[in-house]
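Have the sequence and the 3D view ready. We will walk through helices and strands, one step at a time.

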Amino acid sequence: MANTKTDTIPKLAAKAQKVFNKYVRDRDSENGYFTCISCGKTLPIEQMNAGHYIPQKNSSLLRFNEYNVHGECISDNGFNEFHLINYRKNLINKIGQEMVDWLEENQRTIKKWTRSELNEIIEKYKNG
């Protein structure tokens with residue numbers, strides 16, 4: 001990686017997103033396969049996105065929250081407008097109602113990430 005001390009905040013955020021998404025894909029897969037949080041299908045990891053329950057555009061606070069991001073098939077994450085119905089149901093089974101409630105309560109919270117926070121995220125997740 002480039003020298004993160006001179007990178008802009010947007011560049012650092014993009015790097016942090018890349019390593020965080022890789023962490024999620026590694027966490028939620030086994031032997032090259034994963035089960036989609038929305039549709040429940042078991043698919044090859046090449047068909048996986050790191051799908052946010054609360055979209056990044058709604059809450060920058062939850063952008064890098066491990067409870068908010070799970071393995072989701074490309075089809076559900078990008079093209080199924082109803083995917084959050086099953087995502088939510090399966091998320092409750094995975095992390096519990098209390099944590100889903102917390103995510104939903106914080107879905108409009110804006111967080112301005114600092115350079116040092118983004119560097120910490122990159123360091124934390126870069127090695128899985």
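The tour starts with a few ground rules, then moves to a sheet, a helix and a strand pair.

This is a predicted model, in which local features need pLDDT of at least 70, side-chain atom pairs count only at pLDDT 80 or more, and totals for chains, interfaces and linings use all residues. Residues are numbered from 1 along each chain as its sequence is written, and side-chain values use heavy atoms, with hydrogens and water left out.

Helices (H or I, at least four residues) and strands (E, at least two) are DSSP runs, numbered from the N terminus. Strands of a sheet pair through backbone hydrogen bonds, either parallel or antiparallel. Here, two strands pair if DSSP finds at least two bridges between them.

Strand 1 meets strand 2 (residues 33-35) over 2 bridges. Ser 29 has Phe 34 of strand 2 as its bridge partner.

Now turn to helix 1, residues 9-27. Its 19 residues reach 26 Å from first C-alpha to last, close to the 27 Å expected at 1.5 Å a residue (1.5 Å times one less than the number of residues). Its buried residues include Leu 12, Phe 20 and Tyr 23 (buried means under 20% relative accessible area, with a 1.4 Å probe and protein chains only).

What do the buried residues of helix 1 pack against? They pack against strand 4 (48-52), strand 5 (69-73) and helix 5 (115-125) (contact means heavy atoms within 4.5 Å).

Finish with strand 4. Of its 5 residues, 4 are buried, so strand 4 is largely enclosed by the rest of the structure. Strand 4 pairs with strand 5 in the antiparallel sense over 5 bridges. Met 48 has Cys 73 of strand 5 as its bridge partner.

Definitions and conventions: Buried < 20%, exposed > 50% of the residue type's maximum accessible area, 1.4 Å probe, protein only.
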